[in-house]
Amino acid sequence: MKTYLVTGGAGFIGSNHIHYLFKKYGEEIFIINVDKLTYAGNLENLKDVENLPNYRFVKADICDAEAIEALFREYDICRVVHFAAESHVDRSIKDPTVFVKTNVLGTLTLLNAAKAAWEQEDGSYLPDHRFLHVSTDEVYGSLSDPEDYFYETTKYDPHSPYSASKASSDFMVKAFMDTYHFPANITNCSNNYGPYQFPEKLIPLMLHNALNGIKLPVYGDGKNVRDWLYVEDHCKGIDMVQEQGRLFETYNIGGHNERQNIQIIHTILDSLHELLPADDPRQKLVSEDLITYVTDRKGHDRRYAIAPDKIKAEVGWYPETCFEEGIKKTIRWYFEHEDWMKNCISGDYQKYYEEMYSNR
Ligand code: NAD
Ligand code: DAU
């Protein structure tokens, strides 16, 4: 039985990954989910797996070396999938410090603990033990040439405190691979969307606002481009790299699905009209009149676009869910989980929204 340590498993992609792993491997695996439960961590995301005998949740900070080392002592962990991070660019612009603590120092703490547990006396590592560091395309910066794409060889050029912290964590993983031959991979993925995404991010925020007749705040001219991938396709890519990828390699993950932010918003509005029953009172609330152009994000990257050639060629990955289908699946999921959304936006979320969007 393989034992996984998943960090940040109560967040958006981490919880989807835990579902993905259980769906794929069932009782063949044991998963330990370590999460600090920040504002972004939500155990409701894991309700359907919480009582499985091969699942354990541990509330801990990845910067807490003692807590992390204890887990490596207690279990023969042979897979680490490292998601835990501060992940929201706007928050990083307001307060970068926690981004460096969690994303850089937290990653180093995990690397130290895994290395200590896996390294043998002769300097080699326990066989079939692998660490996968989940990173982002934002480390590559912003593309100006419309014909250009992010390749694994593209020079790092992060702009926000978030992307700078992720770039630093990638370099730390790379340093462990280069210096100690530590058995790891890095994946750099584009924008994800799907179930369990916290409504500070573009798609769930616009969905929630549109359904409630709240203004849709578009940063700048709305023409910034992101490359959207359905979250389950990201999870599939992570798993394929961890099982079949060449150790010490970086793999970019993306589905060639570039859209301007304003196009995304129009797609959400159109899909809502299509999916809401004709007599649903929200049909009247959902309107293009809600679109409001607001002050741009500071240092706003213009365009991200991944070239996924390497992961396709080497491990045979391909995305299964096209955007038109994925956005409808996502909207249906939010329809079916209204309480989940209500719980997210109660309490601190209102304060956050006020600080971020009033007078913008
Ligand atoms: P998220 O913010 O939804 O979840 C992050 C999780 O990490 C939360 O459960 C939170 O409680 C936990 N966490 C935060 N600090 C912690 C700490 N110090 N110790 C333990 N747990 C902590 O993030 P997400 O969108 O699911 O992103 C997951 C990872 O994927 C991140 O590393 C992010 O950089 C990367 N990524 C995200 C996207 C995207 O589009 N969301 C795309 C590419 C890569
Ligand atoms: O590219 C991968 C990255 O995607 C991940 O590494 C990050 O963790 C994840 O948060 C995401 O970053 P973005 O900044 O691209 O995502 P966000 O949803 O915050 O914004 C998407 C785009 O929409 C961006 O151009 C800013 C714009 N936007 C966002 C919000 C929240 C708006 O116009 N209005 C908004 O209210």
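This is a predicted model: local features need pLDDT of at least 70, side-chain atom pairs count only at pLDDT 80 or more; totals for chains, interfaces and linings use all residues.

Q: How many residues surround ligand 1, and which are the closest?
A: Ligand 1 has 28 residues around it. The closest are I13, D35, S87, Y162 and K166.

Q: What does the side chain of S87 do with an oxygen atom of ligand 1?
A: An N or O atom in the S87 side chain is 2.7 Å from an oxygen atom of ligand 1.

Q: And which backbone lies 2.9 Å from a nitrogen atom of ligand 1?
A: That of I62. A polar backbone atom of I62 is 2.9 Å from the ligand 1 nitrogen.

Q: On to ligand 2. Which residues come nearest?
A: T136, D137, Y162, R297 and H300, out of 25 residues around ligand 2. Y162 is also listed among the closest to ligand 1.

Q: How far is the T136 side chain from an oxygen atom of ligand 2?
A: The distance is 2.7 Å, taken to an N or O atom of the T136 side chain. For E138, an N or O atom in the side chain is 2.8 Å from an oxygen atom of ligand 2.

Q: Where does the backbone of Y219 come in?
A: A polar backbone atom of Y219 is 2.9 Å from an oxygen atom of ligand 2.

Q: Okay, helices. At what angle do α1 and α7 cross?
A: Roughly 65°. α1 covers residues 12–25, α7 covers residues 231–244, and their axes come within 9 Å.

Q: Is that crossing left-handed or right-handed?
A: Right-handed.

Q: Which residues of α1 and α7 meet?
A: From α1, F12, I13, N16, H17, Y20, L21, K23, K24 and Y25. From α7, V231, E232, H234, C235, K236, I238, D239 and E243. By class, this contact has 8 nonpolar, 3 polar and 6 charged residues.

Q: Now α2 and α4. How far apart are their axes?
A: They are 9 Å apart, and the helices pack at about 30°. α2 is residues 65–74 and α4 is residues 97–118.

Q: Why call α2 and α4 roughly parallel?
A: Because angles under 35 degrees count as roughly parallel, and theirs is about 30°. So α2 and α4 are roughly parallel to each other. The crossing is right-handed.

Q: Which residues make that contact?
A: α2 brings A65, I68, E69 and F72. α4 brings T109, L110, A113, A114, A117 and W118. They divide into 8 nonpolar, 1 polar and 1 charged.

Q: Last pair, α8 and α11. What's the geometry?
A: α8 (residues 261–275) and α11 (residues 323–336) have axes that come within 10 Å and cross at roughly 60°. The two are therefore oblique to each other. Their crossing is right-handed.

Q: And what makes the contact there?
A: On α8, I264, T267, I268, S271, L272, E274 and L275. On α11, F323, I327, K328, I331, R332 and F335. The classes are 8 nonpolar, 2 polar and 3 charged.

Terms used:
Residues are numbered from 1 along each chain as its sequence is written. Chains are lettered from A and ligands numbered from 1 in the order in which they are written. Side-chain values use heavy atoms; hydrogens and water are left out. Axes are lines fitted to C-alpha atoms, for helices over the stretch in contact, and angles run from 0 to 180 degrees between N-to-C directions. Helices (H or I, at least four residues) and strands (E, at least two) are DSSP runs, numbered from the N terminus. Angles under 35 degrees count as roughly parallel, over 145 as roughly antiparallel, 65 to 115 as roughly perpendicular and the rest as oblique. A crossing is left-handed if the near helix is turned anticlockwise from the far one by less than a right angle, and right-handed if clockwise. Contact means heavy atoms within 4.5 Å. Ala, Val, Leu, Ile, Met, Phe, Trp, Tyr, Cys and Pro count as nonpolar, Asp, Glu, Lys and Arg as charged, and the others, Gly among them, as polar. A residue is near a molecule or strand if one of its heavy atoms lies within 4 Å of it. A polar contact is a pair of N or O atoms within 3.5 Å; within protein, one must be able to donate a hydrogen and the other to accept it, and residues adjacent in sequence count only if both atoms are side-chain atoms.
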